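Here are my notes on the model you sent. Please read them with the structure open.

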Amino acid sequence: MARPKVWLMRNYHDPQIEAYLSEHCEVIVRQSNVTPPHEEIFKMAAECDGFLPEGIDIIDAEVLNNASRLKIIADRSVGTDNVDIPVATRNGVLLTNTPGILQDACADMTFALLLSFARQVTRSDRDIRAGKWTVFDQTPWLGLDTYNKTLGIFGFGGIGQKVAKRAAGFDMRVIYYSRTRRPEAEAELGAEWAGDMETLLRESDYLCLHCPLTDETRGVIGEAEFALMKPSGVLVNMARGAVVQQQALYEALEANVIAGAAIDVCDPEPMLIDDPLLTLDNLVITPHIGSASAATFTAMGMMAARSIVAALTGEPVKNMVNPEAMANW
């Protein structure tokens, strides 16, 4: 009997992940660290039983309708907006993700971004390297305080709650808004329910985005929302780039409608080098590395690999996004 065939869609994973998959499957490793072109994904969908992609690799209806062998897509990410889930479900293609394991790393990165902007870390570093530190004068790099400020969190799942926990150490007031109110987390973390999005926007000194990208959240932060924020407010986006209307973000920063932004995600990714956002001093940007601690990166890959092996060997599968697909295998 032929072994199931699995496509590892990047060549940068820890060798233990390929070794584990190879115990159970024939593994094809794409020898590149960039997103495969659509035509290659389309072709491989008819040849493979399992995919291990990144959360930015688009697996659309056209690919899934050509997926004559494909049984499982194990995203190495929490977000699964890269996959057409209804079509995958209808075609019997199981989708899994890697929740939980990256929460602490992403929460740490949230505060790294927040503090980097607040205390002018990256900007002052750039200025020193450019020869602009010539006298002892702190005034060009005066920053913002974090203690006793209000941290607003949009999306209060695992990552949002980890951020709230860290905020307590900075003596911050925490308010949040999400589609689900979480009274137990409020009691545990000292967080306050904002009640509505407008209140969250108006009262936050730092607004952190930790929501999934859905039809409801796509472009949810735009010109009207920036206008509601404090002029001293700072946006921190650790969700998905498309949650924020990027042109509106540029206009809000350029006109000082808000004080600044610190973002780990953008739309598209990578950001184009001529994007006007990159001309602004009141923006801190990192290349979608929220979960990219070495340990977390490897653990996410192994979690995805275990989901693939479980699905292809008939074992219980964890972290199913569309368990209904099992009925259509």
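1. Start with the pairing of two strands. Strand E11 (residues 260–263) is joined to E12 by three bridges, and the two run parallel. Within this pairing, isoleucine 263 stands opposite isoleucine 285 of E12. Keep in mind that this is a predicted model.

2. Now the sheet around that pair. E11 and E12 belong to an open sheet of seven strands with parallel pairing. The strand order is E8-E7-E6-E9-E10-E11-E12. Its edge strands are E8 (192–193) and E12 (283–285), and each of them pairs on one side only.

3. The structure holds two cavities of 30 Å³ or more. H6 provides the largest share, four residues.

4. Last, the surface. Which residues make the nonpolar surface patch of about 280 Å²? They are Met320, Met326 and Trp329. Methionine 320 sits in the segment after helix H12 (294–313). Is methionine 320 buried, partly exposed or exposed? With a relative accessible area of 33%, methionine 320 is partly exposed. Patch residues need over 30% relative accessible area, so methionine 320 at 33% passes that cut-off.

Definitions and conventions. Residues are numbered from 1 along each chain as its sequence is written. This is a predicted model: local features need pLDDT of at least 70, side-chain atom pairs count only at pLDDT 80 or more; totals for chains, interfaces and linings use all residues. Side-chain values use heavy atoms; hydrogens and water are left out. Two strands pair if DSSP finds at least two bridges between them. Patches are made of residues with over 30% relative accessible area and no salt bridge: like charges are joined within 9 Å, nonpolar side chains (Val, Leu, Ile, Met, Phe, Trp, Tyr) within 5 Å. Accessible areas come from the Shrake-Rupley method with a 1.4 Å probe; for residues, only the protein chains shown count as cover. A salt bridge is a side-chain nitrogen of Lys or Arg within 4 Å of a carboxyl oxygen of Asp or Glu. Buried means under 20% relative accessible area, exposed over 50%, partly exposed in between (1.4 Å probe, protein chains only). On a 1 Å grid over the protein atoms alone, a cavity is a set of points where a 1.4 Å probe fits but cannot get out, and a pocket is an open set with protein on both sides within 12 Å along at least five of seven lines; lining residues have an atom within 4 Å of a point. Grid points are joined across faces, edges and corners, and a volume is the space filled by probe spheres set on the points.
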